[in-house]
Amino acid sequence: MKQALLVLALFPVAMASLHAAEPAVPSAAPETPAPTLEARCTRAFGDHAVFQQDMPVPVWGWSLPHADVEVTFNSSIKKTTAGPDGAWRVTLDPMPADKLASLNDAPAGRTLTITTRLDGKEATKVFSDILIGEVWLCSGQSNMIGKFRRAVYPPGSDKDANYPSLRNLDAEWTICTPDTVGDFSRVAVSFAREIQRELMVPVGLMTAAVGGTQIESWIRDPWLDADGKPVPVKYRHYETKIEPLVGYAMRGVLWYQGEGNAKDGRNYLPKMERLIGGWREAWGQGEFPFYFVQLAPIGESPADQPAGGDGRAEIRQAQVEALAVPNTAMVVTMDSGAVKEHPINKHDIGLRLARQALNRDYGRKDIVPSGPLYKSHTINGNTVSVSFDHATSGLMLATKNGYDAPVPTPDAAIPWLAIQAKDGSWHQAEGRIDGSDLIVSSKGVSEPIAVRYAYTNHPVGFNLYNKDGLPASPFTTCGY
C-alpha cells in the first residue's frame, strides 16, 4: 500500500483536467505506403459505422499538407485546411438518433463524404451506410474479447441475431447477423441488445480488448514503479488499440479486466484511477461513463480462515473503492458460474452493465442499476448492523442457477460472514436480514468492531441479493 501511495504522490490522477479542451489532431497518420491527397482515416471511420447521437461528432484524418478539406454528412458541410503534417479535423453538429421500428429494422444509412483539394487536383473518400445512435467502447482482456460463438445463450440466440442496426468495430465495422455475431464479444453484444431493446436506436460497439493483458499496457502514459522506472509490459495496447479511437464521439466505456493484475490486490486502485483519468483527459469529452466488471470467483477458499483476504478478495475491494471516481459503476459477478478464469454466464454480465447504463445515462430510474453495495455500519452491543446502497426493495437470500433468475431461499444461512473482535481477531459469524439491513453477530465476540462478507477468493454458496435479483458485492468494513 505504501508503494501505491508513493506512486500516486509522484503521478497524481489528472481528475481536475477531465474537462480539458478537445484533443489535438493526431500527429501521426495511420499506416500507409505514402501520403496521398485522398483522405485517410483511422479504423473508427468506415462503412456501416455508428455515430453518437446528441453530441458533437469529431471527424478527422490526414491528407497532403495544406490541402483544403470538405466533409459532407447529413446535409451538413464542414470545411478546414490540413496542417503542415497533413492532419485535419472537423466537428459535426449534434444529431438525433435514427429510430427503429423493431430490433430487426435497418434504417437507411447516411453517407460521409470527404473531399480534398490541392493545386487544382481533387480526391474523394466515401463511407456509406452510417447510422446515428449510441456508441460504447468495450475494452479489457479475455473476458471482454471472448467471442459469442463460444457459448450460446440464451438458447437459440445466435439464430435470432438479425440486428442490422447493431454494429461492432474491431478491424472494421460489422453488422450483427446470425453469420457474424459469433465474432462479437459475448458481454458487449448482450449489453448492446438490451440497450437497443429499451431505446430502439442503433448501437455501435468499439471493441478494443486483448486477452492476457495487464492494466499497465492500457494506461495512457507508461506506469512507473516506486523508483520512477516504467513497469515493463510486452505491448502498449493504449497506443495500438485505444489511441486510434481517441476523440471518436461515444457515450462511455465498458471495462472488463483485472485477471492479469489479480495479485496487485489494493494496488490495483491507483492504476484504475490513472486509466480512467488518462482516457477521459485524452478524449476531452468530460467525465464520460466508465462501467467495469468486478472479478469473478475462481479456485478455492479456505473455510477455516474467517479473516479472508485471500486470492482475489483484495483486488475486488480495490474495484469497489474505484467507485469513488466520478461517474463510474461496477457489475458484480460472484454468481456467474466461473470455474477457471472465464465466467460461464456472460449474458447476465452484459445485462447488468446495461442496467447501469439505462438507469444512469438513459433516464430509466425504474431500473435498479446494481446489487447491494456496502454503505455504512452501526455497532449495537454485540451486533453490527450493515446498511447498503441499492437495497431499497430489501435484501434476500437466493440461489442462482445458469441464466435463470435467482430463487429466494429465505431459510438458508448466510455463509462467509466474519466479525472482528476488539482484540483484532476474526471469527465466523451469523447474519439475519432486517429489511434492507444485515444484522451480524458471533457467539464468541462480545465487542465487535468490523464485519466482512464473502471476502475471499471463491466464496462457494454466496447468496446475498437485493429483491431485484442482483447480487451483493463482497465487502469489508475495515481497511485491512
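Predicted model: local features only at pLDDT ≥ 70, side-chain atom pairs only at ≥ 80, totals over all residues.
Residues are numbered from 1 along each chain as its sequence is written, and side-chain values use heavy atoms, without hydrogens or water. Local features need pLDDT of at least 70 and side-chain atom pairs count only at pLDDT 80 or more, while totals for chains, interfaces and linings use all residues.

**Aromatic rings**

Let's start with the rings: the whole structure holds 18 aromatic pairs (Phe, Tyr or six-membered Trp rings with centres within 6.5 Å; planes under 30 degrees apart are stacked, over 60 edge-to-face, the rest tilted). Two of the pairs are set out here.

| Pair | Centre to centre | Angle between planes | Class |
|---|---|---|---|
| W283 and F288 | 6.0 Å | 80° | edge-to-face |
| F462 and Y465 | 6.5 Å | 70° | edge-to-face |

W283 is buried at 3% relative accessibility, and F288 is buried at 2% (buried means under 20% relative accessible area, exposed over 50%, partly exposed in between, with a 1.4 Å probe and protein chains only). F462 counts as buried at 10%, as does Y465 at 1%.

Elsewhere, ring pairs join F45, F51, W60, F73, W173 and Y248 into a cluster.

**Enclosed space**

The search also finds 1 cavity of 30 Å³ or more (points on a 1 Å grid over the protein atoms alone where a 1.4 Å probe fits but cannot get out; lining residues have an atom within 4 Å of a point). Its lining includes M330, R352 and L470.

Conventions: 1 Å grid on protein atoms, 1.4 Å probe; cavity = no way out; pocket = protein on both sides within 12 Å on 5 of 7 lines; lining within 4 Å. Points joined across faces, edges and corners; volume = space filled by probe spheres on them.
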